[in-house]
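Hello,

Here is the structure for your files.

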Amino acid sequence: MTRSRILLGFGFAWLCAMPALAQDQSTDKSDAALALTLDGIAQTEAACRLTFVARNGLAADVASLVVEAVAFSPDGGVERIALFDFSALPVDRLRVRQFDLPGTACAAVGSMLVNGVQRCEGDGLDPDACAAAITVSSRADVELLG
C-alpha cells in the first residue's frame, strides 16, 4: 500500500469518528445541567397535558424545583403562564412529571418557554444557580425554549 492510500484511510476513519466525538461532547455538557425535555403533549377532557422528563446532572440533589412556564399560541401570543412543580430531582436520576393546562386546548399551544425558576432548593443551590443550569429540549410537536 502506498503512503497516500494509508493517509487517505486514516483521514476517512477520522472523518467517520467526528459525529460520535461531537455527540459525546454535547452529552458531557448536559451532564452538568438540569435537563428538561418536553416528551409529549396530549389533550384530555379538561386540559392540555404536558409530559416532561427531567434529569438532574448537578452535583447535588434538588429537593424542590418550581419553574415558571409560558405557553405561546401558534401565532406567538401568550396563551397561558403557569408554575410547574417538578418536586425533588435526585442526582443522575430521570423523573417524569405531568402538568395540566386547565381549559387549554393543545392545538392552542404552539411553543413553550421555561421563563424562570421560582424555587430551587438543595445543598448549595438557589434559583439563580438552577436557572443557569437548565437546558431544554423537546421530543413533542411543540418546541420548548429556555
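At 14% relative accessibility, C106 is buried, where buried means under 20% relative accessible area, exposed over 50% and partly exposed in between, taken with a 1.4 Å probe on protein chains only. C48 and C106 form a disulfide with their sulfur atoms 2.2 Å apart; a disulfide here is a pair of cysteine sulfur atoms within 2.5 Å. This pair joins distant parts of the chain, 58 residues apart: C48 sits in strand β2 (residues 47–56), and C106 in the loop between β5 (94–102) and β6 (111–121). Helices (H or I, at least four residues) and strands (E, at least two) are DSSP runs, numbered from the N terminus. The C48 and C106 link is right-handed, with 110° about the S-S bond.

On provenance: this is a predicted model, in which local features need pLDDT of at least 70 and side-chain atom pairs count only at pLDDT 80 or more, while totals for chains, interfaces and linings use all residues. Residues are numbered from 1 along each chain as its sequence is written, and side-chain values use heavy atoms, with hydrogens and water left out.

The other pair is C120 and C130, a disulfide with a sulfur-to-sulfur distance of 1.7 Å. C120 lies in strand β6 and C130 in helix α2 (residues 127–133), so the link spans distant parts of the chain, ten residues apart. Both cysteines are buried: C120 at 4% and C130 at 0%.

In total there are two disulfides. With the bonded cysteines numbered in sequence order, the pairing reads 1-2, 3-4.

Regards
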